[in-house]
Amino acid sequence: MAGNTATKNHLPNPHNQVFNVSVDVNQQGGSKWFDDDGRIKRTGTVWTASAHIITAVIGSGVLSLAWATAQLGWVAGPAVMFLFSFVTYYTSTLLSACYRSGDPATGKRNYTYTDAVRSNLGGAMVKICGLVQYLNLFGVAIGYTIASSISMMAIKRSNCFHSSQGENPCQINSNPYMIAFGVVEIVFSQIPDFDQLWWLSIVAAVMSFTYSTIGLGLGIAKVAETGKFRGTMTGISIGYVTQTQKIWRSFQALGDIAFAYSYSMILIEIQDTVKSPPSEAKTMKKATLVSVGVTTLFYMLCGCMGYAAFGDLSPGNLLTGFGFYNPYWLLDIANAAIVIHLVGAYQVFCQPLFAFIEKNAQERFPDSQFITKEIRIPIPGFHSFRLNLFRLVFRTIFVIITTVISMLLPFFNDVVALLGALGFWPLTVYFPVEMYIAQKKIPKWSTKWLCLQILSVACLIISITAAAGSIAGVVLDLKSYKPFSTTY
């Protein structure tokens with residue numbers, strides 16, 4: 001996410017006078033250059049917030065939507081996608097109402113998701129929220145390592161198929177590619193202020209739209225080439241899979257779709273870039289409607305055209321499942337875009353986890369030179385690099401652990417569905433609902449309170465169901481799997 005990272009703007013000062021920054025910013029609306037919390041004036045609008053959300057949402061999750069639609073069929077597939085989009089939109093509006101504590105226009109700002117939980121729910125809830133968030137981020141790092149290695153192998157395989165005219169089966173081991181991705185992430189993770197690299201969000205947005213659009217385009221081309229829409233009303237046929245497998249796969253499809261919509265944990269950070277008046281909650285309500293609408297349309301097209309192209313044979317990853325062989329150069333571009341996107345996305349998602357661990361370590365051991373000392377290394381033509389030994393060791397070990405787990409469980413579809421299932425209910429539904437109830441002081445057992453609780457319980461059941469399907473998928477894959485020896 002770019003967020004409001006370009007905060008080092010030079011304030012207009014035409015007379016070269018010393019600018020007194022101790023202006024009174026406590027009055028409503030702040031001053032000319034500062035907001036009411038003393039920070040530089042926010043400039044975000046409905047459109048910038050929408051762009052940030054779309055950038056955050058459209059990612060590798062889109063690649064499994066054709067497979068998810070194939071499990072559910074032409075009726076349930078689009079219906080479930082629409083249901084998830086509605087729930088995501090509604091709970092996002094509840095969450096955006098919790099950006100300020102108290103008055104929606106002048107109350108104290110919450111800068112992060114955890115700050116909002118602390119202000120509205122407090123106590124043990126903050127720790128539970130933090131644990132869920134950081135476990136989710138850890139899982140995303142594993143999912144991205146698997147996805148990027150599969151895309152790197154897809155490039156190698158498509159070129160191998162092309163050069164051998166399809167005669168060579170082109171079996172490739174995934175481990176070297178996961179290790180290569182891990183080495184790159186170890187290097188990138190040492191950059192101390194990665195969140196300030198504003199260009200990262202632009203690159204990520206361009207890359208995610210590139211591969212998503214190529215996937216959609218290839219699906220449309222395949223349908224045009226065969227001249228028919230494949231698939232059935234009820235999804236994958238019994239016979240191609242057993243009755244039990246169909247049930248588990250349908251549950252797993254829910255997790256895949258949930259993962260594709262997961263962005264709640266960064267919604268408050270996006271809201272913190274928006275200017276006021278009008279109130280940030282009003283702006284975010286519009287931005288969420290625009291972005292969820294655009295995303296759902298895009299997802300419907302990608303999922304449905306992929307299913308229409310391949311029917312029961314829809315691959316778990318649209319661009320690497322080798323439903324498409326040609327044009328091979330276009331597949332290479334799409335997969336290279338996935339890898340570039342995921343290299344950056346890995347860092348964007350892991351930075352909050354790194355910051356949390358390192359901040360706690362500094363508070364617990366303030367006198368430790370190993371943890372607190374920064375060694376400045378001059379780099380000709382650039383700013384000197386700040387090397388911290390604890391950061392070097394901790395972040396390197398973290399990347400190694402995520403890489404090893406990815407090599408042990410290299411199942412893209414199952415891992416993505418499990419992440420979607422585990423993150424959806426607590427972060428997208430439960431905490432926003434509970435914070436909104438606390439913020440608006442909604443009385444227990446009132447009609448609104450009951451409706452919100454019913455929504456929360458229904459989504460909990462969906463999450464448990466999706467998690468069960470994903471775990472069943474992992475167990476099934478493990479039966480025919482030897483550790484560290486996966487080939488595609």
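Guide: The questions below go from the whole chain to single residues of this predicted model.

Visitor: How many helices and strands are in the protein chain?
Guide: The protein chain has both kinds of element. Its strands number 4, and its helices number 14.

Visitor: What share of the residues of the protein chain count as buried?
Guide: A residue counts as buried when its relative accessible area is under 20%. The protein chain has 488 residues.

Visitor: At what angle do helix 7 and helix 13 pack, and how is it classed?
Guide: Helix 7 covers residues 243-260 and helix 13 covers residues 412-440. Their axes are 7 Å apart, and the angle is about 70°. Angles of 65 to 115 degrees count as roughly perpendicular. The two helices are therefore classed as roughly perpendicular.

Visitor: Which residues of helix 7 make the contact with helix 13?
Guide: From helix 13, the contact includes Asn413, Asp414, Val416 and Phe424. By class, the contact has 7 nonpolar, 4 polar and 2 charged residues. On the side of helix 7, the residues are Gln252, Gly255, Asp256, Ala258 and Phe259.

Visitor: Is Gln245 buried, partly exposed or exposed?
Guide: Gln245 lies in helix 7. Between Gln245 and Ala472 there are 8.9 Å in space, C-alpha to C-alpha, although they are 227 residues apart in sequence. Because its relative accessibility is 27%, Gln245 counts as partly exposed.

Visitor: Is Ser456 buried or exposed?
Guide: Ser456 sits in helix 14, which covers residues 447-479. Leaving out residues up to four places away in sequence, Ser456 touches Trp425, Val429 and Tyr430. Its relative accessible area is 4%, so Ser456 is buried.

Visitor: Which residues touch the most other members of the largest nonpolar core?
Guide: The largest nonpolar core has 116 residues. Leu319 touches residues including Leu63, Tyr211, Ile214, Leu218, Leu331 and Ile338, with residues up to four places away in sequence not counted. Within the core, the residues that touch the most other members are Ile257, Tyr299 and Leu319.

Conventions: Residues numbered from 1 in each chain as written. Predicted model: local features only at pLDDT ≥ 70, side-chain atom pairs only at ≥ 80, totals over all residues. Heavy atoms only, no water. Axes fitted to C-alpha atoms, helices over the stretch in contact; angles between N-to-C directions. Parallel < 35°, antiparallel > 145°, perpendicular 65-115°, else oblique. Contact = heavy atoms within 4.5 Å. Nonpolar A, V, L, I, M, F, W, Y, C, P; charged D, E, K, R; others polar. Buried < 20%, exposed > 50% of the residue type's maximum accessible area, 1.4 Å probe, protein only. Core = buried A, V, L, I, M, F, W, Y, C linked by side-chain atoms within 4.5 Å.
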